[in-house]
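Subject: Structure handover and findings

Hello,

Here is the structure for your files. Please load it before reading on.

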Amino acid sequence: MAKWLVRRRLSATASRLKSLRADLAVADEQIMYLRGDADDAATRAIVSENSAARMDARQAREQVEALRAHRDRMVREIADLERRQDTLLDELTATD
């Protein structure tokens, strides 16, 4: 593959990695906050013993789980991009 094309792909990969890592940091902060809210909602559900509080607790727990699943997808994509970046770097150095 031409050097210029490898460099272009390497640049695009690096940009995507930077963006994903920033998004991952935000997701980690959100998970911490939402987990606290979910714990509070679970406590309120136990204390109040009503169906509305239980529903709120369930929704809060589901929200945390959805964000965790999103975070896991980002982590996998970061790992894939890092492997791709390594491959591109190998290609770039092999052509020298």
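Below are the ground rules, then the helices, the core and the salt bridges.

This is a predicted model, in which local features need pLDDT of at least 70, side-chain atom pairs count only at pLDDT 80 or more, and totals for chains, interfaces and linings use all residues. Residues are numbered from 1 along each chain as its sequence is written, and side-chain values use heavy atoms, with hydrogens and water left out.

**Helices**

Helices are DSSP runs (H or I, at least four residues), numbered from the N terminus. Helix 1 has 46 residues. From first C-alpha to last, helix 1 reaches 66 Å, close to the 68 Å expected at 1.5 Å a residue. The expected span is 1.5 Å times one less than the number of residues. Helix 2 covers residues 51-94, which makes 44 residues. Its C-alpha span is 64 Å, close to the expected 64 Å.

Between the two sit a couple of local details. At the start of helix 2, a side-chain oxygen of N50 comes to within 3.2 Å of the backbone nitrogen of A52.

**Buried faces**

Buried means under 20% relative accessible area, exposed means over 50%, and partly exposed lies in between (1.4 Å probe, protein chains only). Helix 1 buries V6, L10, T13, L17, L20, L24, A27, I31, L34, A38, A41 and A45. These residues pack against helix 2. On helix 2, the buried set is A53, A57, A60, V64, L67, M74, I78, L81, L88 and L92. That set packs against helix 1, residues 3-48. As background, an α-helix has 3.6 residues a turn, so residues three or four places apart point the same way.

Which residues does V6 contact, leaving aside neighbours within four places in sequence? They are M1, L88, E91 and L92. Contact means heavy atoms within 4.5 Å. V6 lies in helix 1 and counts as buried because its relative accessibility is 1%.

T13 counts as buried because its relative accessibility is 5%. Beyond residues up to four places away in sequence, T13 touches L81, R84, Q85 and L88. By the same exclusion, L67 touches A27, Q30, I31 and L34.

**Nonpolar core**

A nonpolar core is a set of buried Ala, Val, Leu, Ile, Met, Phe, Trp, Tyr and Cys residues joined through side-chain atoms within 4.5 Å. The largest one has 17 residues. Inside that core, the residues with the most contacts are L20, L67, M74 and I78. Helix 1 and helix 2 are the elements that give two or more residues to this core. Helix 1 supplies the largest share, nine residues.

**Salt bridges**

A salt bridge is a side-chain nitrogen of Lys or Arg within 4 Å of a carboxyl oxygen of Asp or Glu. The structure holds six salt bridges.

- R16 and E77 form a salt bridge, with the closest N and O atoms 3.1 Å apart. This pair links distant parts of the chain: R16 is in helix 1, E77 is in helix 2, and they are 61 residues apart. R16 is partly exposed, at a relative accessible area of 35%. E77 is partly exposed too, at 30%.
- E62 and R58 meet through their side chains in a salt bridge, at 3.3 Å from N to O. They are about one helical turn apart because they sit four residues apart in helix 2. E62 is partly exposed at 44%, and R58 is partly exposed at 36%.
- E65 forms a salt bridge with R68, and the closest N and O atoms are 2.9 Å apart. This pair is three residues apart in helix 2, so about one helical turn separates E65 and R68. At 43% relative accessibility, E65 is partly exposed. R68 is partly exposed at 29%.

Best regards

Notes
A polar contact is a pair of N or O atoms within 3.5 Å; within protein, one must be able to donate a hydrogen and the other to accept it, and residues adjacent in sequence count only if both atoms are side-chain atoms.
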